[in-house]
Amino acid sequence: MQQLLTFSKINDNNTLRIAINQEGLAYLEESENRSYMHRLGELLEWHVCNGWDWLSAEQLGALTSSEIILSDDVEIDDMAEITNKPFTIYWFDNYQVKDPFHSWKTKGYIDLTRA
């Protein structure tokens, strides 16, 4: 497992910038025939194994279809239930109009908004 993305909190921690490195870009090119969620999981894997949690809208009771919802201070039990509140989440709020893979390829990063 290698780190394909770099996470940086910017704008007084109100934005999580996720930049892609050269290995990440190479992975995007070689994995174009894989599913959206598989590719996203591979890109996020290093961070999920090192302190970040990849959450679903269902876990939060959120009314969104955004596939990218992350937190570095949420606590989750063995039943996938959130056990602490409040906690911080960052989400890809442009999910309806922007493709994160395209943004990584063209700009080199995506920005997630703190909710």
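These are brief numbered notes on a predicted model.

1. **Packing of α1 and α2.** Helix α1 covers residues 22–30. Helix α2 covers residues 36–48. The two pack at an angle of about 165 degrees, and their axes are 11 Å apart. That angle makes α1 roughly antiparallel to α2, because angles over 145 degrees count that way. The crossing is right-handed.

2. **Who makes the helix contact.** From α1 come Gly-24, Tyr-27 and Leu-28. From α2 come His-38, Arg-39, Glu-42 and Leu-43. By class, the residues of this contact divide into 3 nonpolar, 2 polar and 2 charged.

3. **His-47.** This residue also belongs to helix α2. Is His-47 buried or exposed? His-47 is buried, at a relative accessible area of 5%, because the cut-off for buried is under 20%. A polar atom of the His-47 side chain lies 2.7 Å from the backbone oxygen of Leu-5.

4. **Ser-8 in strand β1.** Strand β1 spans residues 5–10 and holds Ser-8. Ser-8 is partly exposed, with a relative accessible area of 33%. Setting aside neighbours within four places in sequence, Ser-8 touches Thr-15, Leu-16 and Arg-17. Strand β2 is given as residues 15–20.

5. Two residues deserve a look here. Asn-11 sits in the loop between β1 and β2. Its phi is near 55 degrees, a positive value in a residue other than glycine. Asn-13 lies in the loop between β1 and β2 as well. Asn-13 has a positive phi of about 65 degrees, and it too is not a glycine.

6. **Exposure of those asparagines.** Asn-13, at 37%, counts as partly exposed.

7. **A cis peptide bond.** Which residues does it join? Lys-85 and Pro-86 are joined by a cis peptide bond, with omega about 0 degrees. Pro-86 is placed in the loop between β4 and β5. Those strands are residues 69–71 and 90–91 respectively.

Definitions and conventions. Residues numbered from 1 in each chain as written. Predicted model: local features only at pLDDT ≥ 70, side-chain atom pairs only at ≥ 80, totals over all residues. Heavy atoms only, no water. Helix = DSSP H or I, 4+ residues; strand = E, 2+ residues; numbered from the N terminus. Buried < 20%, exposed > 50% of the residue type's maximum accessible area, 1.4 Å probe, protein only. Polar contact = N/O pair within 3.5 Å; in protein donor to acceptor, adjacent residues only side chain to side chain. Axes fitted to C-alpha atoms, helices over the stretch in contact; angles between N-to-C directions. Parallel < 35°, antiparallel > 145°, perpendicular 65-115°, else oblique. Left-handed = near helix turned anticlockwise from the far one by under 90°. Contact = heavy atoms within 4.5 Å. Nonpolar A, V, L, I, M, F, W, Y, C, P; charged D, E, K, R; others polar.
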